[in-house]
Amino acid sequence: MADAKTQILLAEDTEDMRFLLRAAFASSGFDIVAIAQDGEEALAMWEDHRDEIGAVALDHRMPGLDGLTVARQILASAPAMPIVLFSAEMSADLEAEARSIGVGILHKDDILTLPQHARFA
């Protein structure tokens with residue numbers, strides 16, 4: 001029997017980036033179980049699919065709730081959930097804050113490496 005694929009919750013507000021990330025995750029052996037376009041939708045999908053989700057990939061800069069806020073709320077109920085926060089504008093303060101709560105970080109310049117991120121391994 002083959003190993004089950006890790007199910008991903010992806011939150012990204014731009015359509016082209018969602019398309020790119022779906023392809024990157026699929027080619028790396030992951031399934032995307034839920035795709036959100038903003039932070040509020042990501043939390044709703046987390047609640048709807050939390051038993052299926054094995055990892056979370058969050059854009060930081062989205063309409064409504066930002067990725068770090070979403071990560072904090074997910075970690076409040078699932079402290080061991082692997083989460084990676086990605087952003088085109090990753091400041092040192094944002095990196096430090098994400099790391100302090102156990103969230104992995106990735107600059108969008110390296111977005112195609114997201115499926116191989118250590119938090120998902």
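Is His 60 buried or exposed in this structure? Before I answer, let me say that what we are looking at is a predicted model, and that everything I describe this morning is computed from it. His 60 is buried, because its relative accessible area is 12%, and the limit for calling a residue buried is under 20%. The residue sits in the loop between strand E3 and helix H3, the helix that covers residues 67-77. Leaving aside residues up to four places away in sequence, His 60 touches Asp 66, Gly 67, Leu 68, Leu 85, Phe 86, Ser 87 and Leu 94.

Let me turn to the sheet. Five strands form an open sheet with parallel pairing, and the order across it is E2-E1-E3-E4-E5. Strand E2, residues 31-36, and strand E5, residues 104-107, stand at the edges with a single partner strand each, so one side of each is left without a neighbour in the sheet. From one strand to the next the twist averages 20°.

Within that order, strand E1, residues 7-11, pairs with strand E3, residues 55-59, in the parallel sense over four bridges, and in this pair Leu 10 stands opposite Ala 57 in E3. Helix H1, residues 15-27, packs on the sheet, where it touches E1, E2, E3 and strand E4, residues 83-87, and the direction of H1 makes about 165° with that of E2.

Now to the charged side chains. How many salt bridges does a search of the whole structure find? The search finds six, and I will go through several of them.

Glu 89 forms a salt bridge with Arg 61, with the closest N and O atoms 2.7 Å apart. This pair links distant parts of the chain, since Glu 89 lies in the loop between E4 and helix H4, residues 92-100, while Arg 61 lies in the loop between E3 and H3, and the two are 28 residues apart. Glu 89 is exposed, with a relative accessible area of 53%, whereas Arg 61, at 49%, is partly exposed.

A second pair that links distant parts of the chain joins two helices: Glu 97 in helix H4 and Arg 72 in helix H3 are 25 residues apart, and in their salt bridge the closest N and O atoms are 2.5 Å apart. Both partners count as partly exposed, Glu 97 with a relative accessible area of 36% and Arg 72 with 37%.

Arg 99 is exposed, with a relative accessible area of 55%, while Glu 95 is partly exposed at 25%.

Finally, Glu 12, Asp 59 and Lys 108 are linked in a network of salt bridges.

To return to where I began, His 60 is buried in the loop between E3 and helix H3, and Arg 61, in that loop too, is partly exposed and forms its salt bridge with Glu 89.

Notes: Residues numbered from 1 in each chain as written. Predicted model: local features only at pLDDT ≥ 70, side-chain atom pairs only at ≥ 80, totals over all residues. Heavy atoms only, no water. Pairing = 2+ DSSP bridges. Axes fitted to C-alpha atoms, helices over the stretch in contact; angles between N-to-C directions. Contact = heavy atoms within 4.5 Å. Buried < 20%, exposed > 50% of the residue type's maximum accessible area, 1.4 Å probe, protein only. Salt bridge = Lys/Arg side-chain N within 4 Å of Asp/Glu carboxyl O.
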